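I opened this entry to record what I looked up on charge, core packing and backbone geometry. The notes follow in the order in which I took them.

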Amino acid sequence: MLLLDHLSPSGLVQASMSERRALWELPDLQCAVVGTCLTLQECRRLARRGGLSLPDDATDYMYHSALVRFCREESRTAKLVQKHLDRKYMRHVRQVLQTLDDNQRRAYWKKSVANGEIPGPFWAMVTHPYLGQELFSEVFGHVHMLSHLVGASNRADIRRLQQQETKLADLEETLSTVKRAYRARIRDLAKRNRELASEKKAPRAGGSSIAFQQVFESLRLAHEERAEALRLVESMEKRLAHTEAMLAEKGMECDVLERELARMLEQQARQRCPREDEHGDCESPAPCPNRSLNGRCILYVGGRSGLAPHYRELVESLGGQFVHHDGGREHAISRLHQILPKADAVLCPMDCVSHEAFHCVKQACRQCMKPCLAMRSASLSSLSKTLEGLLDSSALELQGEHLS
């Protein structure tokens, strides 16, 4: 779990601008700050101003990663980002500095979330010198989980938006073609009108009647073409309005999801085991009826070291025991054989473990006849989904089963 030292003095106190934490002093928060508080365009601009050397075809992720790496220490790039964020979110920084304790800061954070303001208040909160650990966990947890929820809910919206953009491009191309044809028709009619004017000055026998009939027919056709073009333009305008309405509706859905996530997080924080005493201890030796893993041991190999405490909290919240092996970064691979016999199931995220460690895990699981479950990613949502499949006690007896 990310930790901030609680530096608040006794009593109520108002912090000054000079006491605030610098970006490079925040423990493992640079990625969250850059991803939440800066747009992709700002990331690219600040990286170039900071003198970061990146290829011409560098992706947004490459710019993000480079900026995060240089912001972990006191560098020219980190100071540029600090100055930019302070200037961009100065209103929120000053308002948070005027608060006297965490109760006032918590009220400000909840009000900002309800108004859909996340980046500015987040920057002001994490740089406040007297922010308490409990409030920090609430703020960081909200931002972290919001990124998962919004990312998952927006994928389908992005696909639909791309389809609408493709249709819009086709309609714009059709309109452009109609406009070119219409302008060409106008030029032809103007040319024909000049020719008729010349013939009127020097009329020939029988020629005037035929010429006027031709002009009338040309004008009639032009009128019909113009009416068709207007109908096409009206249809395109209706489609554009429909697309804009859909985008507005999706934006409202995202707002509702953000509020629902905040409600769920607050509700989860208030939930307690009915047998816990006032100190949070459960005196009964029997398994808790609210939990389903019934004390089974879950061995998690690999993953992100910064999320390990959250992995543990999720497993233990379901009544299980959690054992972690980092996949060989610091823990020896041979240690797997020592801790594997204690495990009832082994979980392994495919995006955050070495091939050597995963091969060793599979081989050891076959030897010990332990179920090995491969997850798509090291995210908390992936772990939660996998644990749901283990809530049935019979799932832990499926030897060698692999889940994706």
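For the surface search I joined like charges within 9 Å, taking residues with over 30% relative accessible area and no salt bridge. I note that the model is a predicted one.

Entry 1, surface charge. I asked which residues gather in a patch of positive charge on the surface. I found R45, R48, R49, R76, K83 and R87 there. I then looked up the elements behind this patch: helix 2 (40-49) and helix 4 (76-88) each supply at least two of its residues. I took K83 as one member to examine, and I located K83 in helix 4. Its relative accessible area is 56%, and I therefore list K83 as exposed, the cut-off being over 50%.

I looked up the largest nonpolar core, which has 43 residues. Within this core, V33, F122 and W123 touch the most other members. I recorded several helices that each supply at least two residues of the core, including helix 1 (30-37), helix 7 (119-126) and helix 8 (133-201). Helix 8 gives the most, with six residues.

I checked N294 and found a positive phi of about 55°, although N294 is not a glycine. I placed N294 in the loop between helix 9 (207-270) and strand 1 (297-301). N294 is partly exposed, at a relative accessible area of 49%.

I noted M369 as well, a non-glycine residue with a positive phi of about 55°. M369 lies in the loop between helix 12 (355-368) and strand 4 (372-375). With a relative accessible area of 57%, M369 is exposed.

Conventions
Residues numbered from 1 in each chain as written. Predicted model: local features only at pLDDT ≥ 70, side-chain atom pairs only at ≥ 80, totals over all residues. Heavy atoms only, no water. Patch = residues over 30% accessible without salt bridge, like charges linked within 9 Å, V, L, I, M, F, W, Y side chains within 5 Å. Areas by Shrake-Rupley, 256 points an atom, 1.4 Å probe, with all protein chains shown as cover. Salt bridge = Lys/Arg side-chain N within 4 Å of Asp/Glu carboxyl O. Lys, Arg positive; Asp, Glu negative; His and termini not counted. Charge placed at Lys NZ, Arg CZ, Asp CG, Glu CD. Helix = DSSP H or I, 4+ residues; strand = E, 2+ residues; numbered from the N terminus. Buried < 20%, exposed > 50% of the residue type's maximum accessible area, 1.4 Å probe, protein only. Core = buried A, V, L, I, M, F, W, Y, C linked by side-chain atoms within 4.5 Å.
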